[in-house]
Amino acid sequence: MLITDIQYFGSINWIKSFNQYSYIKIEACENWQKGGWRNRTAITGAEGRRLITVPLLGGRDQHCPLSAVKIAYKENWPQQHIRTLESCYRRAPFFEFYHHAIFEILLSRPEYLLDLNMAILHQIRKWLFPELTISLTEKFEDHPGPEYADQRGKDGAISSHLPEKFPVYRQVFEERHGFLPGLSILDLLFNCGPVAKTLLKDSV
């Protein structure tokens, strides 16, 4: 079993680790930590690698449990993220097959960041790991037990490079920037479609 932090449209590196497990627990009882990937993700566009971020009520420097972190909607960031994803990926071969479900989640405007990220994760699970069981922790444990592989706090997340064993795949703006590793799972889904599942499995 795996216990891990949550991410916003998690990285390929993070998602691929799910292949090794049938049961995953998401750490929901930690205190909020700024600087991670809980409210941002990396994609690629015409100008290269870029980050998109979910704004938070109270900003990044708040002291509360992750489950209490609320999303700010003063600016219409869901529509901004949708426009950005359309601009970056509308030419991707499988964009039309995935974007409707993704945009629907963004437009649902959940109050809490954890709810948004879990809705995204469950949708990704349906596409890539339908037999995987995902649940939330009920209390924080420094040492969750020998039955768990503890990936929390390691931010294995979005690094500057993919593991060597991960296959290079065709990206929308590859002719401009070359292959850009370390991106969100969205990049793999939009560019590779159902083959993404095979690539993730073969990379482990």
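In this predicted model, helix α3 (residues 95–107) packs against helix α6 (residues 185–192) at about 140 degrees, with the axes 7 Å apart. Axes here are lines fitted to C-alpha atoms, for helices over the stretch in contact, with angles running from 0 to 180 degrees between N-to-C directions. Helices (H or I, at least four residues) and strands (E, at least two) are DSSP runs, numbered from the N terminus. That angle makes α3 oblique to α6, given that under 35 degrees counts as roughly parallel, over 145 as roughly antiparallel, 65 to 115 as roughly perpendicular and the rest as oblique. On the α3 side, Phe95, Tyr98, His99 and Ile102 meet Leu186, Leu189 and Phe190 of α6, where contact means heavy atoms within 4.5 Å. Sorted by class, this contact has six nonpolar residues, one polar and no charged; Ala, Val, Leu, Ile, Met, Phe, Trp, Tyr, Cys and Pro count as nonpolar, Asp, Glu, Lys and Arg as charged, and the others, Gly among them, as polar.

Helix α6 also packs with helix α7 (residues 195–202): their axes come within 8 Å and cross at roughly 130 degrees. So α6 is oblique to α7 as well. Here Ile185, Leu188, Leu189 and Cys192 from α6 meet Val195, Ala196, Leu199 and Leu200 from α7, and the contact comes out as eight nonpolar residues, with no polar and no charged ones.

As for the strands, four of them make an open sheet in the order β5-β2-β1-β6, with parallel pairing. Two strands pair if DSSP finds at least two bridges between them. The edges belong to β5 (133–136) and β6 (149–150), each with a single partner strand, so one side of each has no neighbour in the sheet. Three bridges link β1 (residues 2–4) with β2 (residues 23–26), and threonine 4 sits opposite isoleucine 26 of β2. Lying across β2 and β5 is helix α4 (residues 113–128), which runs at about 170 degrees to β5.

Elsewhere, β3 (residues 40–45) and β4 (residues 48–53) run antiparallel, joined by six bridges. The hairpin between β3 and β4 goes through two residues, and alanine 42 faces leucine 51 in β4.

Residues are numbered from 1 along each chain as its sequence is written. Local features need pLDDT of at least 70 and side-chain atom pairs count only at pLDDT 80 or more, while totals for chains, interfaces and linings use all residues, and side-chain values use heavy atoms, with hydrogens and water left out.
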